[in-house]
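Subject: Handover of a structure

Dear colleague,

Please find below the structure that I am handing over to you. I would be grateful if you would look at it before reading the notes that come after it.

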Amino acid sequence: MKKTIEYYIQITWGSPREYFVDDKVANYYYRLTGRKTLDKMSRILVEGLSGGNVAFKQVLPPDIT
């Protein structure tokens, strides 16, 4: 079964940054890489390492209230 990881883009200081929606996934990624933001190359590498069992989906940023 294919796992879909959702992420969103937020502009920080004029630069687009990709963040995970799920805090649990964000924590795993941080522990593996030491980084809190995602990038295109990381998405490609994770998809390749998983043998196509992981997909990424861009979603709208959560409401900050």
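The model is a predicted one, in which local features need pLDDT of at least 70 and side-chain atom pairs count only at pLDDT 80 or more, while totals for chains, interfaces and linings use all residues. Residues are numbered from 1 along each chain as its sequence is written, and side-chain values use heavy atoms, with hydrogens and water left out.

The sheet

Helices (H or I, at least four residues) and strands (E, at least two) are DSSP runs, numbered from the N terminus. Two strands count as paired if DSSP finds at least two bridges between them. On this basis, 3 strands form an open sheet with mixed pairing, in the order β2-β1-β3. The edges are held by β2 (15-20) and β3 (54-58); each has a single partner strand, so one side of each is left without a neighbour in the sheet. From one strand to the next, the twist averages 35 degrees; axes are lines fitted to C-alpha atoms, for helices over the stretch in contact, and angles run from 0 to 180 degrees between N-to-C directions.

Strand β1 (residues 3-12) runs antiparallel to β2, and 6 bridges join the two. Among the residue pairs here, T12 has S15 as its bridge partner in β2, Y8 stands opposite Y19, and Y7 stands opposite F20. With β3, β1 runs parallel, joined by 5 bridges; K3 of this pairing stands opposite V54 in β3.

The hairpin turn

β1 and β2 form a hairpin with 2 residues between them. W13 is placed in the loop between these two strands, and its phi is near 55 degrees, a positive value in a residue other than glycine. Most residues other than glycine have a negative phi. W13 is exposed, with a relative accessible area of 86% (buried means under 20% relative accessible area, exposed over 50%, and partly exposed in between, with a 1.4 Å probe and protein chains only).

The helix across the sheet

Helix α2 (residues 40-49) lies across β1, β2 and β3, and runs at about 150 degrees to β3. S42 is found in this helix and counts as buried, at 12% relative accessibility. Leaving aside neighbours within four places in sequence, S42 is in contact with Y29 and R35, where contact means heavy atoms within 4.5 Å.

The largest pocket

Where is empty space left? Rolling a probe the size of a water molecule over the atoms shows this. On a 1 Å grid over the protein atoms alone, a cavity is a set of points where a 1.4 Å probe fits but cannot get out, whereas a pocket is an open set with protein on both sides within 12 Å along at least five of seven lines; lining residues have an atom within 4 Å of a point. The largest pocket holds about 260 Å³ of space, with grid points joined across faces, edges and corners and the volume taken as the space filled by probe spheres set on the points.

Its lining has 14 residues, of which F20, Y28, Y29, L32 and V46 lie nearest the centre. β1, α1 (23-33) and α2 are the elements that give two or more residues to this lining, and α1 supplies the largest share, 5 residues. By class, the lining has 11 nonpolar, 2 polar and 1 charged residues (Ala, Val, Leu, Ile, Met, Phe, Trp, Tyr, Cys and Pro count as nonpolar, Asp, Glu, Lys and Arg as charged, and the others, Gly among them, as polar).

Two further residues

T37 is placed in the loop between α1 and α2. Not counting residues up to four places away in sequence, T37 touches R17, E18, Y19 and Y29.

Q58 is found in strand β3 and is partly exposed, with a relative accessible area of 46%. Q58 and I44 are 14 residues apart in sequence, and 14 Å apart in space from C-alpha to C-alpha.
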